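Keep the viewer open as you read.

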Amino acid sequence: MSRHGDARESLQLDRRLDALNDARQLADGVLPDEPLEEVLQLLERASSRRSLSADHTVVGFFGATGSGKSTLFNAVSGAEIATAAARRPTTSEPLAGVWGVEGSEPLLDWLEVRSRHHAAPVDGFADEGTGLILLDLPDFDSTRAANREIVQRMVGLVDVLVWVLDPQKYADAAVHNDFLAPLAAHGAVTLVVLNQVDRLPEKDVGPVLESLKGILARDGLGTVQVLGASALHGTGVPRVRSAIRHVALQRQALSQRLAADVGKAARLLREASGDGEAAGVRPATTSRLTDELATAANVPLVVRAVARSYRLESTRRTGWPVTRWLSRFRPDPLRRLNLRSDSPAELSRTSLPPAGAPERARTDAAVREFADHASAGAPGPWRAAIRGAAREGRERLPDALDQAIAGTDLLASRKSWWWGVFNVVQWLALLTVLAGLGWLGVLAALGYFQMPVPEVPRVEGWPIPTLMIAGGVVLGIFLAVTGKFIAAAAANARSGKARKRLRNAVADVAQELVVEPVEVEISRLKAFNAALKTAIGK
């Protein structure tokens with residue numbers, strides 16, 4: 001691959017790794033810990049491997065007991081490296097054959113391979129410029145747990161996996177179920193060698209290889225290169241060397257391996273999460289939530305109190321002065337609810353009835369219904385997270401709603417212009433009545449004391465004092481009755497404004513404690529799906 005191609009592939013791998021890490025972080029607290037931990041380990045391995053030599057390709061030889069793995073390793077290496085057991089700490093430790101020692105030490109340290117052999121050049125296969133490390137690993141079916149742990153660890157670390165099978169156990173479920181099938185995404189960096197074909201009749205070699213390919217296809221490894229070989233007789237060894245050399249010279253194995261790891265980890269998260277997007281928050285469901293919370297918070301009661309309070313205040317200011325004083329004995333509904341308080345909004349509390357079981361049930365049902373609609377279509381774990389976010393602020397709702405109502409300006413202190421006009425006319429009417437009564441009283445007193453009584457002016461035969469009294473009384477009553485109708489209409493208008501303001505206050509509380517947390521979780525799911533799509537490589 002060209003230098004530009006390498007840079008492009010590296011940049012793409014960077015994006016996929018970043019996206020996988022984003023997906024892991026977004027899923028924290030939503031998905032189970034096990035897949036998240038596995039993804040984190042993969043990211044740490046990828047970061048460590050990329051910080052080490054990119055000029056070396058690490059090829060691991062894996063096989064079961066009796067598969068001839070070490071013999072094939074020696075045959076490919078062109079030297080009896082794996083037979084020098086006396087020079088190895090134990091026969092269960094990994095052994096490395098290295099072509100290109102420079103820069104390999106930190107990589108081998110990271111791989112925890114202590115037994116290292118500086119291999120001699122092999123014509124047509126590898127030399128110091130090849131940058132190749134072959135690892136002979138313990139048997140994966142070893143009875144020793146430590147050996148199996150080494151194999152499991154190396155399966156996740158080497159750049160290229162060479163699986164050495166034998167004709168007797170090539171279909172063994174253990175290798176396929178435990179190792180090959182889980183690595184189905186790693187076909188580009190996997191090579192399968194059927195060793196010891198010399199033990200088969202020549203006519204059976206082809207059918208056995210075809211059988212092996214069929215099993216691998218069922219494992220998801222249908223594109224993997226399958227080679228037949230006999231390490232003992234050298235049959236097929238050149239082809240194995242050629243395949244390994246090709247991978248080493250391409251310098252793509254590291255990127256391909258990590259890309260396969262990222263894809264596998266992303267699919268693991270997808271499996272843990274599930275597919276789907278949440279329906280999201282819609283205006284209709286938000287409006288219904290607000291309506292239900294407003295009802296549960298006694299907003300209708302407050303609206304009625306605003307109307308009654310306005311009508312009462314109108315009577316006190318515009319009623320017939322002779323009887324309006326009686327309204328002073330009627331308590332103001334808003335004061336009884338502590339909604340005329342001058343305290344700061346954050347300290348205000350109402351005297352509304354505390355939320356009982358019906359109100360709490362209504363609140364819970366409203367929040368649950370809202371969350372159900374918003375989370376519709378989301379995968380199970382995310383649906384639970386969205387519902388949990390909606391429920392999180394549920395306990396704070398009653399107090400927050402009460403404070404919001406207490407802090408809402410209900411326009412209760414605002415005076416209406418017509419109050420002053422009606423009040424002045426009412427007093428003028430009362431003064432007219434009093435003037436008429438006083439006039440008649442003077443005339444009566446003069447007559448009582450046998451003094452001359454002046455002629456009273458008349459209008460259409462009616463004495464003016466009498467007309468003044470009758471007119472004042474009629475005007476006062478008319479204004480009082482008219483004021484009732486005007487007050488009722490104005491009270492409806494003012495209560496309508498109060499309802500709107502209270503609903504907006506309730507909507508703000510719902511937005512803060514329910515809607516916004518739900519929207520955060522929905523956005524989190526959307527970002528998770530987008531990151532996962534990038535990590536998978538779509």
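This is a predicted model: local features need pLDDT of at least 70, side-chain atom pairs count only at pLDDT 80 or more; totals for chains, interfaces and linings use all residues.

Residues are numbered from 1 along each chain as its sequence is written, and side-chain values use heavy atoms, with hydrogens and water left out.

Start with helix α3, residues 69-77. Helices (H or I, at least four residues) and strands (E, at least two) are DSSP runs, numbered from the N terminus. Helix α3 is mostly covered, with seven of its nine residues buried. Buried means under 20% relative accessible area, exposed means over 50%, and partly exposed lies in between (1.4 Å probe, protein chains only). The buried residues of α3 are K69, L72, F73, N74, A75, V76 and S77. What covers them? The cover includes the strands β1 (57-63), β2 (95-99), β4 (132-136), β5 (160-165) and β6 (190-194). Helix α8 (237-250) is also among the covering elements. Contact here means heavy atoms within 4.5 Å. Just after α3 comes G78, with a positive phi of about 75°.

Now the salt bridges. A salt bridge is a side-chain nitrogen of Lys or Arg within 4 Å of a carboxyl oxygen of Asp or Glu. By this rule the model has 21 salt bridges. One of them joins R114 to E93, with the closest N and O atoms 2.0 Å apart. This pair links distant parts of the chain, 21 residues apart. R114 sits in the loop between α4 (104-111) and β3 (115-118), and E93 sits in the loop between α3 and β2. E93 is buried, because its value is 13%.

A second salt bridge joins the side chains of D109 and R116, at 2.4 Å from N to O. D109 counts as partly exposed, at 47% relative accessibility. R116 is also partly exposed, with a relative accessible area of 29%.

D372 is partly exposed at 32% relative accessibility, and R387 is partly exposed at 31%. Elsewhere, salt bridges that share partners join K69, D136 and D139 into one network. K69 is also one of the buried residues of α3.

Next, the surface. Patches are made of residues with over 30% relative accessible area and no salt bridge; like charges are joined within 9 Å, and nonpolar side chains (Val, Leu, Ile, Met, Phe, Trp, Tyr) within 5 Å. Lys and Arg count as positive and Asp and Glu as negative, while His and the chain ends are not counted. The place of a charge is taken as NZ of Lys, CZ of Arg, CG of Asp or CD of Glu.

Which residues make the positive patch? R304, R308, R311, R330, R336 and K484 gather there. Helix α11 (residues 299-318) gives the largest share, three residues. R330 lies in the loop between α11 and α12 (333-336). R330 is partly exposed, at a relative accessible area of 48%. D28, D33, E37 and E44 form a negative surface patch. Of these, D28 lies in the loop between α1 (3-27) and α2 (33-51).

A nonpolar surface patch is made by V424, L428, L431, L434 and L437, with about 470 Å² of accessible area together. Accessible areas come from the Shrake-Rupley method with a 1.4 Å probe; for residues, only the protein chains shown count as cover. V424 lies in helix α16 (residues 417-448) and is partly exposed at 49%. An α-helix has 3.6 residues a turn, so residues three or four places apart point the same way.

Finish with the backbone. Most residues other than glycine have a negative phi. Q196 has a positive phi near 65° and is not a glycine. Q196 lies in the loop between β6 and α7 (202-218) and is buried, with a relative accessible area of 10%. N298, also not a glycine, has a positive phi of about 70°. N298 is found in the loop between α10 (283-296) and α11, and counts as buried at 18% relative accessibility.
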